[in-house]
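Reader: I have the chain open next to me and would like to talk it through piece by piece. Could you start with a spot in a loop and then move on to the strands?

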Amino acid sequence: ANLPEPKELLATKSTTTSVTFQWKAPTITPALLSMSLSLFWVLEVGEKNGGSGCEGKIVSVAVCDATVNGLKPGTEFRARVRMELRTSPVGTTTLASLWTEAPACTKSLAGAPVWPPRPVVHRISSTL
């Protein structure tokens with residue numbers, strides 16, 4: 001039997017090099033609850049064209065969001081998340097749900113301006 005898969009993976013926040021993703025947990029049954037210390041979400045984010053590999057994030061099943069850093073500005077990314085039963089966060093996966101993919105063309109990260117805009121300084125001159 002597979003684990004139940006998460007729903008509605010969405011990019012909620014982004015900077016030029018990071019994206020925060022959020023998803024909805026499936027219904028947690030008593031059987032799942034009893035294994036909750038060994039359940040993790042695995043989020044994978046990679047370049048849409050299959051460029052430089054995947055960035056993986058493993059988080060506790062108690063949270064439903066994760067931020068992936070170190071992304072290339074101006075590149076389209078694909079993302080997917082699933083629930084895994086593991087011996088530890090870095091341990092072997094013994095059971096997993098199906099992947100839930102983010103909508104196509106998830107996030108095209110905006111390039112940062114080369115120079116930060118200069119602060120506008122207002123001077124108030126008084127003539128007395």
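Author: Let us begin with Ser 97, which has its place in the loop between strand S7 (93–96) and strand S8 (100–101); please keep in mind throughout that this is a predicted model.

Reader: Okay, and is Ser 97 buried or exposed?

Author: Ser 97 has a relative accessible area of 4%, and because buried means under 20%, this residue counts as buried.

Reader: Which residues does Ser 97 touch, not counting those up to four places away in sequence?

Author: With those left out, Ser 97 touches Leu 3, Pro 4, Glu 5 and Pro 6, and also Arg 82 and Met 83.

Reader: Over how many bridges do S1 and S2 pair?

Author: S1 and strand S2 (residues 19–24) pair over 5 bridges in the antiparallel sense; as for individual partners, Ala 11 has Phe 21 in S2 as its bridge partner.

Reader: Now the core: which residues of the largest nonpolar core touch the most other members?

Author: That core has 21 residues, of which Leu 9, Phe 21, Trp 23, Leu 43 and Val 45 touch the most other members. At least two residues of this core come from each of S2, strand S3 (39–47), S5 and strand S6 (76–86), with S6 giving the most, namely 5 residues.

Reader: And what is Leu 43 in contact with, leaving aside its neighbours within four places in sequence?

Author: Its contacts include Leu 9, Phe 21 and Trp 23, and among the others are Glu 55, Ala 66, Val 68, Arg 80 and Val 81.

Reader: How many aromatic pairs does the structure hold?

Author: The structure holds 1 aromatic pair, formed edge-to-face by Trp 23 and Trp 41, at 5.8 Å centre to centre and with 70° between the planes. The pair links distant parts of the chain, since Trp 23 lies in strand S2 and Trp 41 in strand S3, 18 residues apart. Trp 23 is buried at 4% relative accessibility, and Trp 41 is buried as well, with a relative accessible area of 0%.

Reader: One last thing, where does the charged end of Arg 80 sit?

Author: The charged end of Arg 80 sits over the ring of Trp 99, at 3.9 Å from the centre of that ring.

Terms used:
Residues numbered from 1 in each chain as written. Predicted model: local features only at pLDDT ≥ 70, side-chain atom pairs only at ≥ 80, totals over all residues. Heavy atoms only, no water. Pairing = 2+ DSSP bridges. Helix = DSSP H or I, 4+ residues; strand = E, 2+ residues; numbered from the N terminus. Core = buried A, V, L, I, M, F, W, Y, C linked by side-chain atoms within 4.5 Å. Buried < 20%, exposed > 50% of the residue type's maximum accessible area, 1.4 Å probe, protein only. Contact = heavy atoms within 4.5 Å. Phe/Tyr/Trp six-rings, centres within 6.5 Å; stacked < 30°, edge-to-face > 60°. Lys NZ or Arg CZ within 6 Å of the ring centre and 35° of its normal.
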